Amino acid sequence: PQPVQITIPSGTAVTVQMIDSVDTSRNHPGDEFAASLATPIVVGDKVVVPQGADARVRLVEASSSGKFRGSSQLSLELVSVAVHGTPYSVQSSYYTQQGSSRGKRTAEAVGGGAVLGGLIGAIAGGRKGAAIGAGVGAGTGAGVEGLSKTQVLRVPSETKIDFTLKAPLTVTLKQ
């Protein structure tokens, strides 16, 4: 029998299960990771790519938050799917994971330090002591936040991720 070409339309959802883990503290944009199809890709009533087929996922962005502002971000894209051992390049949507805002945490640390310093200063030296204590406490809160580590984002092994095809994919199947 002759091989048959089948086109998987753009907009098709593709769910993969990560085999490798991703960690922004040690991985960099451009790194690729092993994954497998968590569910088959079906066109009409025909399974075009079976569950368990090999897939590759690429780290597109791995940005860390600054010391005082911003948030960490990680973006992945599906770059290939293997059909009966033959890899096919794909264009997919991004999977994005975003950490908590560093600016909010800094504001909380500075504000909390100011309040605590103000209370201690008020107890120790009245109104003048409260003003001095608030300034010292705010500075301490900012200093502690500046020394803290940036947030690390991770995608553990076995995590299921949904991607959407941005362009049709034509594969050749042996009958």
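Here is a short chat about the predicted model above.

Colleague: How many helices and strands are in the chain?
Modeller: This is a predicted model, so to speak of local features we need pLDDT of at least 70, side-chain atom pairs count only at pLDDT 80 or more, and totals for chains, interfaces and linings use all residues. Residues are numbered from 1 along each chain as its sequence is written, and side-chain values use heavy atoms, leaving out hydrogens and water. Helices (H or I, at least four residues) and strands (E, at least two) are DSSP runs, numbered from the N terminus. The count is 1 helix and 13 strands.

Colleague: Where is arginine 26 found, and which side chain does its side chain touch in a polar contact?
Modeller: Arginine 26 sits in the loop between strand 3 (22–23) and strand 4 (32–37). A polar contact is a pair of N or O atoms within 3.5 Å; within protein, one must be able to donate a hydrogen and the other to accept it, and residues adjacent in sequence count only if both atoms are side-chain atoms. At 3.4 Å, the partner is serine 21.

Colleague: How far apart in space are arginine 26 and alanine 62, C-alpha to C-alpha?
Modeller: In sequence, the two are 36 residues apart. In space, C-alpha to C-alpha, the distance is 10.0 Å.

Colleague: Which residue lies over the face of tyrosine 94?
Modeller: A charge sits over a ring if NZ of Lys or CZ of Arg is within 6 Å of the ring centre and within 35 degrees of the ring normal. At 5.7 Å from the ring centre, the residue is lysine 166.

Colleague: What share of the chain counts as buried?
Modeller: Buried means under 20% relative accessible area (1.4 Å probe, protein chains only). Of the 175 residues, the share is 37%.

How values were computed. Buried means under 20% relative accessible area, exposed over 50%, partly exposed in between (1.4 Å probe, protein chains only).
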